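Let's take a friendly walk through this model, from salt bridges to cores and helix packing. Please keep the structure open beside the text.

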Amino acid sequence: MSQQDSKTIVVVGNGMVGYKFCEKLTSKTTAFRIVVFGEEPRHAYDRVHLSEYFNGKSADDLSMSHLGWYSEHNIALHLGDTITEINRAEKTIHSLKGVSLSYDYLVLATGSSAFVPDIPGVEKDGVFVYRTLEDLDQIQTYAKAARKGAVLGGGLLGLEAAKALIDLGIEETHVIEFAPRLMPRQIDSAGSAMLQSKLEQLGLKVHMNKSTSSILGADTIKGLQFADDTSLDVDMLVISAGIRPRDELAKLAGLETGTRGGIVVNEQMQTSDASIYAIGECALYDGMIYGLVAPGYEMAEVVATQLCAGERAFTGYDMSTKLKLIGVDVASFGDPFVTEPDSRSIVFEDSHKGIYKRINISNDGKYLLGGVLIGDADAYNLLLQTVNNNIVLPPNPEDLILGSRGGEASAGAGVITLPDEALICSCEAVSKGDICGAVTDLNVTTVEGMKKCNKAGTGCGGCVPLVKDLINETLKANGTYIKNVVCEHFDFSRQELFDLLKLNHIRTYDDALDHFGKGDGCESCKPAVASILASLWNDVIVKQHTIQDSNDRYLANIQKGGTYSVVPRIPGGEITPDKLIIIGQVAKKYGLYTKITGGQRIDLFGAHLSDLPDIWEELIDAGFESGHAYGKALRTVKSCVGSTWCRFGLHDSVSFAIEVEERYRGIRAPHKIKGGVSGCVRECAEAQSKDFGIIATEKGWNLYVGGNGGSKPQHAQLLATDIDKETCIKYLDRFLMFYINTADALTRTATWLNKMEGGLSYLKNVIINDSLGICAQLETEMQALVNSYHCEWKEVVENPDLRKQFAHFVNSPKEKDPHVAFDTMREQVKAKEW
């Protein structure tokens, strides 16, 4: 059939769901002529990850396809053109730009718009909605001159918008919610309270039960007035109070719509006109608007199948969801609100770590009905599968949220026990059978390969851990040994390679490759081997210049604008006035930005590459040494003033912190290491948030291990209590060397300990009880590293050949990078925006 003879399908809307419909239809048939009209000036992009636009992703990164995709699939695309009229009698459409076209079938994918409450002053400058890339561009521009921002709405979209304001550097961000709790449609009151507490700890200011009566200011917003006679001064407002289905075109055409909006559809997604379909957030099925992308994709699949004479129906959709809101895991699944007498609930709450878990089970204890997870949602995928597939619960259903405490996995908890029809990727409707079949029949062995094969994991990405587990479990079931190798060039795990290089006294990457590898290496194994060699032999890391990443290569963290940072070591945060003066003189001489950091150091930013050796020469002459801020090594050991000055201090925490930092300085590890020493339980040094933390007690010191900050903070766990300094150092030697010897590359101590079989109990047996008989060896290895310490920057400064590596232009060593540019900010420099 020629294109001229084909039936014409007009798609109104080129958002995620409209694009997905085109993708699904063209994968099934080429029998239709497809014409798409998009209101926005750009082709379909990913709105699910819209906030990543503020983290450096471009519009192209968010695009769901390249522009040529439409022509490759014979789709006529009209961007920036709105359909203004549907003539159902003549089956024609008319656009704003004058295009008139006949259709055989019409697919309305008009989506939704931001719901803007009728608040006096909503038209003022500085008031925005959070919906399109153009909205984000306007918010980004306006935020540069704003200090206080507010978001109207405490649901999913509202908290995403709040994260955007934080990412844009707004000093004070407020969330205004009319309801008595955050995310009222997804999580229960207790979970909402925990979420609110976590967000407030991160600096967000949350206002509940607030009805906004007006927006203050003349032409520009100056604040918000509330119905309870309180007010709030703000410089900008982002409205994210929900969505409103775009059904105005359907209403004009006389299609049936709901009393509160939405185009009424049946199970085939047909409107009241059998030739017109509606999909996505504009469609109203059984009285409900589905505001997630996965149901929209399923609607697209239903229509594509119907048009190809297949049978598929839409009968509702599970609205379970998992996401990370400003760094906090949040998930709800099944029925999160069912309560007694219709169910029984098991609740775990840890206000110390900010974790709340609730599961609702049937009264007979056999089935999981739903639940809520805050702060730790690692179990979400399996819990969702347990609900959706009516899997019988284990004898102790609390194991689902607490983990099995008997040493064996709970019955039925493994991914491989799920039925083949279990829906793993809801966005792309990929089942467990599809994934396992791709592994067995098509030899797909990686997540990236699975994405290309059946698109599993390409939507919201929430199913990726489950996809990875299914791939590995299927390979194991097929008799394939799964090995966590460094890369294709080294068929060994990091721990195996560590032992091989150690036993064979290998000291260079080339020798490692010759003896235990193949090929020429890659960007994965070169830094990994370099890290192992540094951990083993403590040699000058820049001697292996060509296998380092950029930070280790130049002994400095590369910053915005192509400049580098200079971070001298300041053990325990203690520094003399003379050294403070030297830092100021160096910063003035080389035009550097200076900042006191949370690690009790002074960082200097904006250094040219070619200036680094000269800067460090002056600092080393003044008695400073490298702070290893660029390395997978000990960064800092933070301390409070302790008993030296503080009236609450039990012991001299500063002296102990300096002793510990000077002992472990320069020691390379799988990841960076941070420590802290507090002089009492008031914890001013925040020792329990570090890889190791030492806290003074009346009888001595408590030693904590395995904590970290970052995107997923975790408190350290208590390893030993009331020990003296010598014992504390001995246990630390053992702990750090055991970690260095056994952890995977780029694994923090917290993750390493979390994955350790037996956890803290096992670690205590190894470190304190010497259950493996290796403690003497660990102490000897650590002492060898301590004895071989050298300041890397001192070595570079004194070695002319190493200094040559820091020239930006090899043929003109003194010439600086001409592309480096600065702006001024509060009488200091900052990198010019790219």
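## A pair within helix 1

Lys20 and Glu23 both sit in helix 1 (residues 16-28), three residues apart, about one turn of the helix. Helices here are DSSP runs of H or I with at least four residues, strands are runs of E with at least two, and both are numbered from the N terminus. The two side chains form a salt bridge, with 2.7 Å between the closest N and O atoms; the term means a side-chain nitrogen of Lys or Arg within 4 Å of a carboxyl oxygen of Asp or Glu. Lys20 is buried, at 3% relative accessible area, and Glu23 counts as buried at 13%. Buried means under 20% relative accessible area, exposed over 50%, and partly exposed in between (1.4 Å probe, protein chains only).

This is a predicted model, in which local features need pLDDT of at least 70 and side-chain atom pairs count only at pLDDT 80 or more, while totals for chains, interfaces and linings use all residues. Residues are numbered from 1 along each chain as its sequence is written, and side-chain values use heavy atoms, leaving out hydrogens and water.

## Other salt bridges

The whole structure holds 41 salt bridges. One of them joins Asp273 and Arg88 (3.0 Å, N to O). This pair links distant parts of the chain, 185 residues apart: Asp273 is in the loop between strand 18 (263-265) and strand 19 (276-278), and Arg88 in the loop between strand 4 (83-87) and strand 5 (92-95). Asp273 counts as buried at 14% relative accessibility, whereas Arg88 is partly exposed at 30%.

Salt bridges also link Lys24, Lys28, Glu298, Glu301 and Arg312 in a network.

The largest nonpolar core has 76 residues, and Phe21, Leu108, Met269 and Ile279 have the most contacts inside it. Helix 8 (residues 293-307) gives the most to this core, with nine residues. Apart from it lies another core, of 58 residues, including Phe498 and Phe735. Such a core is a set of buried Ala, Val, Leu, Ile, Met, Phe, Trp, Tyr and Cys residues joined through side-chain atoms within 4.5 Å.

## Helix 21 meets helix 23

Which residues of helix 21 meet helix 23? They are Tyr731, Arg734, Phe735 and Phe738, and their partners in helix 23 are Tyr762, Leu763, Val766 and Ile767. Contact here means heavy atoms within 4.5 Å.
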